[in-house]
Amino acid sequence: MTGFTLRYTVLFFVVFCSHFVCGQISYSIPEEMAKGSIIGNIAQDLGLDLKRLKLGKARAFSGDVKEYIELNRENGLLLIKENIDRESLCGKITPCAQHLQMILENPMELYSITVEITDVNDNAPTFQKNEIRFEISESAAPGARFVLGRAVDLDVGINGLRSYSLNPTGNFDLENDAGGEGNVEIVLQKALDREKQARINLLLTASDGGEPPLSGTMQIYLTVLDANDNAPIFTQRVYKATVTENAPKGSKLTTVSAFDADEGSNSYVTYVISDAVGSSVANKFTVHQESGEVTLNSQLDYEKSNQYQLNIQAKDQGGLSDTCKVIIEVLDINDNKPTINILSMSSSISEESKPSAVVAMMKVNDPDSMANGQVHCSINDNIPFVITSPSNDFFSIRTEQELDREREAEYNITVTCSDEGVPSLSSSASLRLQISDVNDNAPVFERNNYEAYVVENNIPGLSIFTVKASDVDSNQNARVSYILEDSTVNGVPVSSYVTVSADSGVINAVRSFDYEQLKDFHFRVKAQDGGSPPLSSNVTVKITIQDQNDNVPQVLYPVQTGSSLMAELVPRSADVGYLVTKVVAVDVDSGQNAWLSYKLQKATDRALFEVGPQNGEIRTVRQVTDKDAVKQKLTVVVEDNGQPSRSAVVNINVAVADSFPEVLSEFTDFTHEKQYNDNLTFYLVLALAAVSFLFIACLVVIISVKIYRWRQSRIFYQSNLPVIPYYPPGYTDAGVTGTLPHMYNYDVCMTTDSRKSDCKFSTLGGQNVLVMDPSFTETMQHTVNEKHFLEHPGSPPMQKPPNNDWRLPPNQRPGPSGQHRFHTLQQKWTPYKKSRAAARPEEAGPGAVVGTGPWPNPPTEAEQLQALMAAANEVSEATATLGPRYNAQYVPDYRQNVYIPGSTATLTANPQQQQVPQQALPPPQALPPAEAPKAAPTPASKKKVTKKDKK
């Protein structure tokens with residue numbers, strides 16, 4: 001630093017504490033050093049290795065709001081971090097020092113660092129005011145004193161305030177007590193004469209002892225007054241008072257008092273706080289001008305200042321004054337909680353840590369004094385930790401016993417610190433400590449041993465079984481891997497039989513097992529965790545192979561060969577039960593899969609031989625006769641008892657003869673017979689395939705035809721044809737009973753939504769008939785046939801109309817009585833037999849359509865009139881809808897509701913009544929066979945016939 005030489009001293013001592021090191025080192029530096037300036041080499045002075053500083057995460061802190069000093073871990077140097085001003089840091093306190101703590105971890109070590117800040121003469125003495133004015137009576141006697149205040153120099157020591165000088169010094173002399181630290185007073189040397197000099201200007205200079213010295217000045221303006229020659233005098237030079245730091249504003253501290261021997265206005269004394277008192281202190285107190293009572297103006301804080309000093313001045317009206325001191329002592333109360341500052345803390349600790357391992361260090365500070373600042377700390381119970389205090393204000397948390405992560409993986413430690421004040425104040429801090437896992441537990445299988453079963457002929461890669469092991473450790477230490485231990489099965493490594501999934505423990509088959517070669521085998525599986533070093537355990541696994549019916553029976557005898565011809569010889573003299581031969585077969589499977597049974601499948605003569613179902617012996621069932629064929633071929637099936645069963649077939653040639661030459665000639669055509677049988681089987685299969693194809697083809701054709709007809713019916717069924725009633729006028733007199741001489745044919749075209757309509761639409765001459773029925777396809781075909789018949793007379797004749805018996809009442813007709821449907825010409829046109837009314841066939845004209853439905857009774861005149869009225873109404877509605885083609889002139893306009901006999905349809909003349917549901921007609925009543933009188937023709941009927949003739 002410019003202007004002086006950097007000097008520092010080092011004081012180093014080390015105190016060994018239990019389980020961690022405490023050390024202290026001191027440095028001395030001047031203030032105002034530049035940033036980055038070196039204070040000292042802490043590593044060298046403490047004898048520490050730089051590597052230790054790095055690994056131990058060395059750091060230094062002071063606990064203040066602002067850090068002035070920092071530690072460089074790379075080179076171990078203690079450096080200036082911020083500019084240090086001794087005056088703002090310590091004020092007048094000497095010596096001024098910065099206290100730091102350096103913490104090292106792994107293991108934890110604590111070092112105390114003290115850096116003393118020496119003063120530099122960087123502040124000049126200053127007065128509180130640049131000028132001061134006061135009055136002096138001319139009657140003031142020599143030796144009178146006048147307080148001017150004092151200058152303040154923030155520096156200390158030799159750089160602090162050293163001397164005052166006054167200029168000019170003709171009438172006054174300067175006096176300062178306490179070596180420049182007290183107030184400056186000027187002493188009148190000789191009496192003043194206001195008439196000679198009414199105003200006096202003085203210059204007061206304050207100088208310090210620095211090098212070079214600095215100084216400050218203040219102008220003094222004096223006014224000389226007349227008359228008052230007695231100054232006030234305090235009863236005490238020093239007053240003392242005490243107050244607690246929590247005393248409220250306005251609390252009375254003390255009362256000062258001064259006496260003036262003058263009389264009148266010159267004896268009136270007022271009290272003020274001297275200007276020599278700093279504003280920060282003067283603002284905390286007030287003094288009453290007349291009574292001199294000193295009171296508290298703001299709250300005090302013992303931790304900031306425990307003593308205050310006031311200079312109170314007493315003045316009279318003549319300008320004379322006197323001063324006294326008031327010393328105020330501040331008493332401490334317990335108003336501050338302990339402050340917990342965690343210096344270092346481990347977020348996790350290994351479960352294998354030994355007891356007394358340090359997990360956290362903290363500093364606890366209570367700014368109160370005496371018992372109020374005495375602190376003791378404790379932690380929560382039932383945890384394996386303890387808190388100790390290695391030194392004042394420092395506490396450490398240690399392990400008290402061994403830890404086990406599997407029992408408790410995390411601890412929440414609550415530190416509570418309380419002082420000894422009354423009442424006691426406390427604060428707490430919570431620490432969360434994780435217990436890191438150590439691989440101290442081996443994997444454990446769910447079972448002591450495993451046994452699994454697998455059916456032979458399995459697919460390679462089949463999952464047979466799963467072994468499962470668990471590890472109570474965590475993370476990598478709990479990751480279990482499965483390993484197949486090396487061993488052999490029948491001299492072959494077990495790895496060629498099975499594999500074990502390292503992650504899931506699934507045991508897979510490497511090959512397809514054969515029960516006939518290997519019944520069972522053992523191997524060991526090891527479960528190993530991922531710790532370091534890894535821990536493991538093993539278990540024995542037994543795989544049992546179950547038999548499957550995978551082998552067909554093998555025929556040992558008779559031997560089947562393709563080239564040679566073998567035959568069993570049976571003499572014709574053989575009796576019943578003669579042993580021809582024995583079929584010998586074996587099955588390499590086991591259990592019921594190897595149980596064999598024998599049965600005779602084919603034989604030339606099944607009545608001659610039988611096979612023993614258990615032993616395979618072929619014996620004669622009856623006596624051999626001369627009629628039996630010489631060559632006999634037997635087919636024997638050997639079947640096991642497996643599910644599903646397997647079988648083998650053996651062919652046995654048997655010769656019924658007494659000598660070998662007789663046999664030889666008969667067995668030469670066995671080969672040709674076999675070829676014939678093979679060709680026959682081929683032709684049978686071919687014929688079956690052809691028949692199946694023809695059946696399917698016919699089925700498809702039938703379904704297609706049905707679908708086509710259904711679609712055609714839907715086209716007519718869903719059409720939106722209008723309802724058009726039409727009434728042809730070609731009717732003749734029928735001569736029936738009733739008031740009307742004519743019968744009318746009522747044909748109605750119903751809506752397309754009437755699926756069950758019993759009415760039809762017809763034109764004159766019967767050329768076209770359209771039946772509103774879902775099965776109208778067949779009706780149209782009959783219509784076409786009828787048209788063809790009319791146009792071609794040479795065609796085959798149609799069915800003849802019925803006889804005249806239909807005109808009789810039902811009870812007079814020959815044959816069955818009651819309602820009956822007669823088969824007439826309408827049956828040819830409409831095979832559904834649903835027409836209800838028509839003219840009589842022998843009386844109707846060539847264009848009339850004859851109905852086949854029953855006519856219960858001959859219609860009366862009223863009924864016929866009602867029918868005509870309904871027809872007229874329908875025609876008028878159709879004419880209004882479709883135009884002039886359908887005119888009401890064809891039929892009379894009778895306005896009555898009628899019904900058509902033999903039909904469930906109701907015709908109405910009122911459109912608003914068409915929505916009324918139809919009601920069933922009562923059954924017809926049988927009438928006596930009396931003939932009703934013939935009614936005269938009505939005008940309406942004549943008009944209708946006449947128009948037909950014109951047409």
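Tutor: A nonpolar core is a set of buried Ala, Val, Leu, Ile, Met, Phe, Trp, Tyr and Cys residues joined through side-chain atoms within 4.5 Å. Buried means under 20% relative accessible area, exposed over 50%, and partly exposed in between, with a 1.4 Å probe and protein chains only. This is a predicted model: local features need pLDDT of at least 70 and side-chain atom pairs count only at pLDDT 80 or more, while totals for chains, interfaces and linings use all residues. Residues are numbered from 1 along each chain as its sequence is written, and side-chain values use heavy atoms, with hydrogens and water left out.

Student: Which residues have the most contacts inside the largest nonpolar core?

Tutor: That core holds 29 residues. Strands S36 (449–455), S37 (463–466), S39 (480–484), S42 (498–500), S43 (506–509), S44 (520–529) and S45 (536–546) each supply at least two of its residues. Helices (H or I, at least four residues) and strands (E, at least two) are DSSP runs, numbered from the N terminus. The residues with the most contacts inside the core are Val-498, Phe-521 and Phe-523.

Student: How many residues does the second, separate core have?

Tutor: Its members include Tyr-27, Ile-42, Leu-48 and Ile-84. The number of residues in this second core is 27.

Student: Is Phe-521 buried or exposed, and at what relative accessible area?

Tutor: Phe-521 sits in strand S44. Its class is buried, because its relative accessible area is 2%.

Student: Which residues does Phe-521 touch, not counting those up to four places away in sequence?

Tutor: Contact means heavy atoms within 4.5 Å. Strand S44 carries Phe-521. Beyond its sequence neighbours, Phe-521 touches Val-489, Val-494, Tyr-497, Val-498, Phe-513, Val-541, Lys-542, Ile-543 and Ile-545.

Student: How far apart in space are Phe-521 and Tyr-497, C-alpha to C-alpha?

Tutor: Tyr-497 is one of the residues in contact with Phe-521. In sequence, the pair is 24 residues apart. In space, the C-alpha to C-alpha value is 9.6 Å.

Student: How many salt bridges does a search of the whole structure find?

Tutor: Side chains of opposite charge can pair when their charged atoms come close. A salt bridge puts a side-chain nitrogen of Lys or Arg within 4 Å of a carboxyl oxygen of Asp or Glu. For the whole structure, the search gives 20.

Student: What is the N to O value for the salt bridge of Asp-119 and Arg-86? How many residues apart are they?

Tutor: The N to O value is 3.3 Å. Asp-119 is in the loop between strand S8 (109–118) and strand S9 (126–127), and Arg-86 is in helix H3 (residues 86–90). The pair links distant parts of the chain, with a sequence separation of 33 residues.

Student: Which residue forms a salt bridge with Asp-404?

Tutor: The closest N and O atoms are 3.8 Å apart. Asp-404 is partly exposed at 25% relative accessibility.

Student: Which residues do salt bridges that share partners join into one network?

Tutor: The Asp-119 side chain meets that of Arg-86 in a salt bridge. Through shared partners, the network joins Arg-86, Glu-87 and Asp-119.

Student: What is omega for the cis peptide bond from Asn-167 to Pro-168?

Tutor: Pro-168 is in the loop between strand S13 (161–167) and strand S14 (172–176). A cis bond also joins Tyr-557 and Pro-558, with omega about 0°. For Asn-167 to Pro-168, omega is near -5°.

Student: What is the phi of Asn-490?

Tutor: Asn-490 is in the loop between strand S40 (488–489) and strand S41 (492–493). Asn-490 is exposed, with a relative accessible area of 62%. Although not a glycine, Asn-490 has a positive phi of about 55°.

Student: What is the phi of Asn-457?

Tutor: Asn-457 belongs to the loop between S36 and S37. Asn-457 counts as partly exposed, at 35% relative accessibility. Asn-457 is not a glycine, yet has a positive phi of about 65°.
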